[in-house]
Amino acid sequence: TATCTQEVVVTDDENPTIVCPADIAVSADAGSCFATVALGSPVTADNCGVASVVNDAPAQFPIGSTIVTWTVTDNNGNTATCTQEVVVTDDEDPTITCPSDIAATTDAGSCFATVALGTPVTADNCGVASVSNDAPATFAVGSTTVTWIVTDNYGNTATCTQEVIVTDDED
């Protein structure tokens, strides 16, 4: 008799498959400039078995668009990827508290008053971009309503009003 050996090497050259969870659009968490998001799970498969599924997602998603890359690795080291988009928007309005109403008398020899309005108190979860008002340079006798507007870094606004009452006490 005689014998011989033959080596048969089988390799797994077939990449696994992966289908990402659906894209996500959410508002920022209340009082925060980020969102905590549950991404879901991708659907994976492989002819020789899946070893791992990982992603590069941050713990908190900032305002804007973040692309999450999911990677599946099979038991023989083959990989496949897919991407999922997470879009976070800032839908939270800023807050504004106007300065106190003002009662003033006309400037000496004038039929108007020059008034220091004060400064409103503002806040926002993602930062205040601007604060403005529609006050005139001088205030005529009578009542004038000043509207203050605060705008946050993502275009959300809030308003408040301040009353300026000017009287003429000059004989």
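Whereas a compact globule of 171 residues would have a radius of gyration near 16 Å, the protein chain has a radius of gyration of 32 Å. The structure described here is a predicted model, and along its principal axes the C-alpha trace of the protein chain spans about 135 × 20 × 15 Å. The secondary structure assigned to the protein chain comprises 16 strands and 0 helices. Of the 171 residues, 30% count as buried, and the accessible surface comes to about 10000 Å², with 51% of that area belonging to carbon and sulfur atoms. Among the contacts in the protein chain with a separation of 6 or more, 58% are accounted for by residues 24 or more positions apart.

Four of the strands form an open sheet, in which the order is β2-β8-β7-β5 and the pairing is mixed. Strands β2 (24-27) and β5 (50-55) stand at the edges of this sheet and have a single partner strand each, so that one side of β2 and one side of β5 are left without a neighbour in the sheet. On average, and with direction ignored, neighbouring strands of the sheet are turned by 20° against each other. The pairing of β5 with strand β7 (residues 64-74) is antiparallel and extends over 5 bridges; within this pairing, V54 has T71 in β7 as its bridge partner.

In soluble globular proteins, nonpolar side chains tend to be buried together. In the present model, the largest nonpolar core has 17 residues, and those with the most contacts inside it are V37, L39, F61, W70, V86 and V88. The elements that contribute two or more residues to this core are β7 and β8 (79-89), and the largest share, 4 residues, comes from β8. When residues up to four places away in sequence are not counted, V37 touches I24, V26, F61 and V86.

Once residues up to four places away in sequence are set aside, D12 touches D46, N47, C48, D74, N76 and N78. One of these residues, C48, is 36 residues from D12 in sequence, and the C-alpha atoms of D12 and C48 are 7.6 Å apart in space.

The other position, T144, is placed in strand β15 (residues 142-152). Leaving aside neighbours within four places in sequence, T144 is in contact with P136, F139, Q162, E163 and V164. P120 and T144 are 24 residues apart along the chain, and a distance of 17 Å separates their C-alpha atoms.

Methods:
Residues numbered from 1 in each chain as written. Predicted model: local features only at pLDDT ≥ 70, side-chain atom pairs only at ≥ 80, totals over all residues. Heavy atoms only, no water. Pairing = 2+ DSSP bridges. Axes fitted to C-alpha atoms, helices over the stretch in contact; angles between N-to-C directions. Rg over C-alpha atoms; globule rule 2.2 N^0.38 Å. Buried < 20%, exposed > 50% of the residue type's maximum accessible area, 1.4 Å probe, protein only. Contact = heavy atoms within 4.5 Å. Areas by Shrake-Rupley, 256 points an atom, 1.4 Å probe, with all protein chains shown as cover. Core = buried A, V, L, I, M, F, W, Y, C linked by side-chain atoms within 4.5 Å.
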